[in-house]
Amino acid sequence: SFLQNISSYTEGEVSGYISSGDLKNIYDPKSRYGGNFYISSYMKLGKGYLRGDFNYDYSMARESRWRGWTDPYSTPFMLADTIPGDLSHEQYRMGAALAYPASDLISLGIGLKYNVGIMAKHRDLRNKNTDMEFEVTPSMMISWDKFKLGLDLGYLRNTEKVEYKQEDASEEKYLFYLYGLWLYHSTGFSSAETSRENITSGYNATLTADLSVSRARIFNDFTAGYTTAMQGETGYNGLIHGETNRLSFSDRLTILCGYRHKIGAKVHFYTMVGNRFLQRQELDPKSNIRVWVTYGGPINYYYRSFASEEISYTYRMAKSHTDIKWEVSAGVKGTAVSHKYKETPLTFNQSLNTMEAYLKYAHYIPFKNSRLDIAPEVAYSFSDGIMNNTEEGQNQWQLEKELMEEYNFWYAPKIKGGLEVKYNFKAISVRGLYRGEFATGGAAKGDMRHYGVVSFGFAF
């Protein structure tokens, strides 16, 4: 890497973005706009290397609904309401890493990440989400002549708290308790504040290998992870809303043949199990306060599996790995998702398989002291699925309209297109990006979504 030959390097970017359109998932807003600031700095300290980065992002979403957690797919258990409103989201991300050569063969390192965020809805019912995430990753790398082997071990801790309240109590509003596949029960919202928190702990390991043979280079990294999360009422009453356990595996393979050929393959798989508990409210004789007491172990209610595979090929007209005139990439990506929820005596199933083919082209036009990059792209996706549900109206505790709105967005065949233009002048760059998405069939036929970014980058 060129960073090994310099003592310090700093790069950053300031960007603004906007998205809008009717082609959207049920959790997506009608439109969103925001800004982002990113800076990263590298420094060589004796034999060691130090890196730090900071990222700030602020966005405002219009007509957002059903957004009880910052990531609605992180758990099947969620508080949510159906009234659309403006939703602001502010995020701070910080990271640091240190690497040091312990010997000619072995290098040691450690990475730290700390992220905090605040998400707030500005219309009743008003939810305010605060989340904190911390991750530490010690690492080791062994280097031989043409082969490198690395191992990263990570621990993650995430805490997210949500509080619901209202300012106008003249009209009764309803809060929905979701349990997966839009099974629910609802309650009229009182003047009292309703809150809960979701605490996640996770472990992951990544094994990387880098091999150079003649003009070829093979890079592979394999990651395995396990996370467990417990969601309960804030305070000390002992009420548990649900537990999730997630196991994931992913692998990425890259093969470079000279300067011109690149083959890539990716696979990702995870399973999530959602459990609930049998509880009863009882009087605590010591505190004289009614608390929730758990009887027995967890009971499985929800199961989700996700799998994706992608393979791509890139051809470059190049004189070296950095001196590239143009390149073209083509690839195919497939995903399979299945959900199952069991509410005795009923069982609900949903599955969806999606296939996407894409083509990307990038042309790099050099000038005396600058360079212009032009990169168009196009993709087409289609899906098939199974909705093995109860008959319509049979289960009064399922939001069937919302269930089908989400499913129809996933199911609709889509055409995607985009264009990225970037101008680099010495250590300064200006970039513009546009992407569009159009549904060609299904319930979302004719709907579109637009996404644009303008950014200014610098390096010194």
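Trainee: What makes the contact between D373 and R371 a salt bridge?

Mentor: In this predicted model, the closest N and O atoms of D373 and R371 are 2.8 Å apart, and since a salt bridge asks for a side-chain nitrogen of Lys or Arg within 4 Å of a carboxyl oxygen of Asp or Glu, the pair qualifies.

Trainee: Why is D373 called buried, and what is R371 called?

Mentor: D373 has a relative accessibility of 9%, and because buried means under 20%, D373 counts as buried. R371 stands at 32%, which falls between the 20% and 50% limits, so R371 is called partly exposed.

Trainee: How do you know that R217 and D210 form a salt bridge, and is D210 buried or exposed?

Mentor: The side chains of R217 and D210 meet with 2.4 Å from N to O, and that value lies within the 4 Å limit, so the contact is a salt bridge. D210 has a relative accessible area of 10% and is therefore buried, the limit being 20%, whereas R217, with 40%, is partly exposed.

Trainee: What makes R435 and E377 a salt bridge, and which parts of the chain does the pair tie together?

Mentor: Their side chains come to 3.3 Å, N to O, which is again within 4 Å, so the term applies. R435 lies in strand 20 (residues 428-439) and E377 in strand 18 (residues 370-388), so the pair ties together parts that are 58 residues apart in sequence. R435 has a relative accessible area of 35% and E377 one of 25%; both values lie between 20% and 50%, so each residue is partly exposed.

Trainee: Which residues line the second largest cavity?

Mentor: Around its volume of about 40 Å³ stand S64, R65, W66, R67, D81, L87, K121 and N127. By class, this lining has two nonpolar, two polar and four charged residues; R65, R67, D81 and K121 count as charged because Asp, Lys and Arg belong to that class.

Trainee: Which residues lie nearest the centre of the second largest pocket, and which strand gives the most to its lining?

Mentor: The second largest pocket holds about 1,500 Å³ of space, and K333, F409, W410, K416 and E437 lie nearest its centre, out of 50 lining residues. Strand 17 (residues 346-366) gives the most to that lining, with six residues, and by class the lining has 17 nonpolar, 14 polar and 19 charged residues.

Methods: Residues are numbered from 1 along each chain as its sequence is written. This is a predicted model: local features need pLDDT of at least 70, side-chain atom pairs count only at pLDDT 80 or more; totals for chains, interfaces and linings use all residues. Side-chain values use heavy atoms; hydrogens and water are left out. Buried means under 20% relative accessible area, exposed over 50%, partly exposed in between (1.4 Å probe, protein chains only). Helices (H or I, at least four residues) and strands (E, at least two) are DSSP runs, numbered from the N terminus. On a 1 Å grid over the protein atoms alone, a cavity is a set of points where a 1.4 Å probe fits but cannot get out, and a pocket is an open set with protein on both sides within 12 Å along at least five of seven lines; lining residues have an atom within 4 Å of a point. Grid points are joined across faces, edges and corners, and a volume is the space filled by probe spheres set on the points.
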